[in-house]
Amino acid sequence: MTVHSFQEHFDDLIDREVTIEPKDWMPDDYRKTLIRQISQHAHSEIVGMLPEGNWITRAPSLRRKAVLLAKVQDEAGHGLYLYSAAETLGVTRDTLYDQLHTGKAKYSSIFNYPTLTWADMGAVGWLVDGAAIMNQVPLCRTSYGPYARAMVRVCKEESFHQRQGFEIMLTLSKGTEIQKKLAQDAFNRWWWPSLMMFGPPDAESPHTAQSVRWRIKRLTNDELRQKFVDVTVEQAKVLGLTVPDKDLKWNEERGHFDFGVINWDEFWNVVKGNGPCNKQRLETRKKAWEEGKWVRDAAMAHAEKRKARKAVKEAA
Ligand code: BYC
């Protein structure tokens, strides 16, 4: 086949919604876009463990502690599936870790905000995992097979995460006046950063149009953000909490909620590394990597020993 016919075959698979697999020919830019998105997604899962990990020792009951521990552990698992999916595109895990630890790679802006009270565990589960599911359910049909398959399991677990967050918010909002205040305060602080998670407006998103054409993204940033607002506003009513947006209004004609202007300067400032916790997150991540070196070395030495023992046995 000529490059031209490889390209035609690839386009045909995309048009017919046949997944692209690791050994299939793919345009360089498609591969690069996937490595960028999947690795950023993996880094987000790993850094996303930090704001919640911070609360494991301070959870208000043994049940809450066990649930939070399980959730944070799931996130480690999601990161690992995603790094594996990225590796199928020819990049090594060491390269990806290096990009994260040297600050070259991006991860979701949301994890650069602090978790100040227990109610933040509710708000993170409800809003951050809620936004994550909204973004990730369509990715179960993304055009690259290993990414799509990883997303199926991730979404099942995210759905449990979202419900545990909602349940914390429900308990607090039906509790004492102080608990209700904590829930509203957490909602006020996490609402806008959650809307930013979907990325810049479509008109200012350099990658959306091409990614939609390649069926990597099935919906645009603005479409997903709108779906999230519509669903979450109704959930806030159940909780009896007020959405911190004076411009929020049902628009009969559009059949959607209109909402206020997002502070995109804040978003870009956080993405560029100047959010409230960027430095702390990266330092914590690097420290964990350095302090975990002996575990990695021991695992490698063990694997080498087993390999050598097997070789001796086979030779005998
Ligand atoms: N934060 O052209 P655009 C989770 C960057 S983990 C930081 O729209 P794209 C969870 C973007 O990378 C949540 N940067 O890009 C874990 C690009 O910069 P580069 C993570 C952002 O890729 C633990 C530039 O802005 N989810 O759920 O078409 C606990 C222009 O943007 C952000 C995923 O990663 C942001 N929020 O669309 C709880 C999902 N937004 O790369 C929960 C998979 C944009 O050119 N990713 N940027 O330097 C995606 O769906 C897409 O990559 C995005 C962005 C919608 C995020």
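This is a predicted model: local features need pLDDT of at least 70, side-chain atom pairs count only at pLDDT 80 or more; totals for chains, interfaces and linings use all residues.
**Figure 1**

Figure 2. The side chain of N221 places a polar atom 2.8 Å from an oxygen atom of the ligand. For P206, a polar backbone atom is found 3.3 Å from an oxygen atom of the ligand. The side chain of Q136 has a polar atom at 3.4 Å from an oxygen atom of the ligand. On its own, the ligand has 1000 Å² of accessible area, and the protein covers 91% of this area.

**Figure 3. Helix α12 and its buried side.** Helix α12 comprises 14 residues, 278-291. The distance from its first C-alpha to its last is 20 Å, close to the 20 Å expected at 1.5 Å a residue. Buried residues of α12 are N278, R281, L282 and R285. These residues lie on the same side of α12, because they cover an arc of only 95° around the axis. On the other side of α12, K279 and E290 are exposed.

**Figure 4. Elements covering the buried residues of α12.** The cover over the buried residues of α12 includes α2 (28-47) and α3 (49-53). Also included in this cover are α5 (93-101) and α11 (264-274).

**Figure 5. The loop between α1 and α2, with E17.** E17 is located in the loop between α1 (3-15) and α2. Although E17 is not a glycine, its phi is positive, at about 60°. The relative accessibility of E17 is 45%, so this residue counts as partly exposed.

**Figure 6. The loop between α9 and α10, with R215.** The loop that holds R215 lies between α9 (208-213) and α10 (221-239). R215 is a residue other than glycine, and its phi has a positive value near 60°. With a relative accessibility of 24%, R215 counts as partly exposed, because the partly exposed class lies between the buried limit of under 20% and the exposed limit of over 50%.

Definitions and conventions:
Residues are numbered from 1 along each chain as its sequence is written. Side-chain values use heavy atoms; hydrogens and water are left out. Helices (H or I, at least four residues) and strands (E, at least two) are DSSP runs, numbered from the N terminus. The expected span of a helix is 1.5 Å times one less than its number of residues. Buried means under 20% relative accessible area, exposed over 50%, partly exposed in between (1.4 Å probe, protein chains only). The arc is that of the directions from the helix axis to the C-beta atoms. Contact means heavy atoms within 4.5 Å. A polar contact is a pair of N or O atoms within 3.5 Å; within protein, one must be able to donate a hydrogen and the other to accept it, and residues adjacent in sequence count only if both atoms are side-chain atoms. Accessible areas come from the Shrake-Rupley method with a 1.4 Å probe; for residues, only the protein chains shown count as cover.
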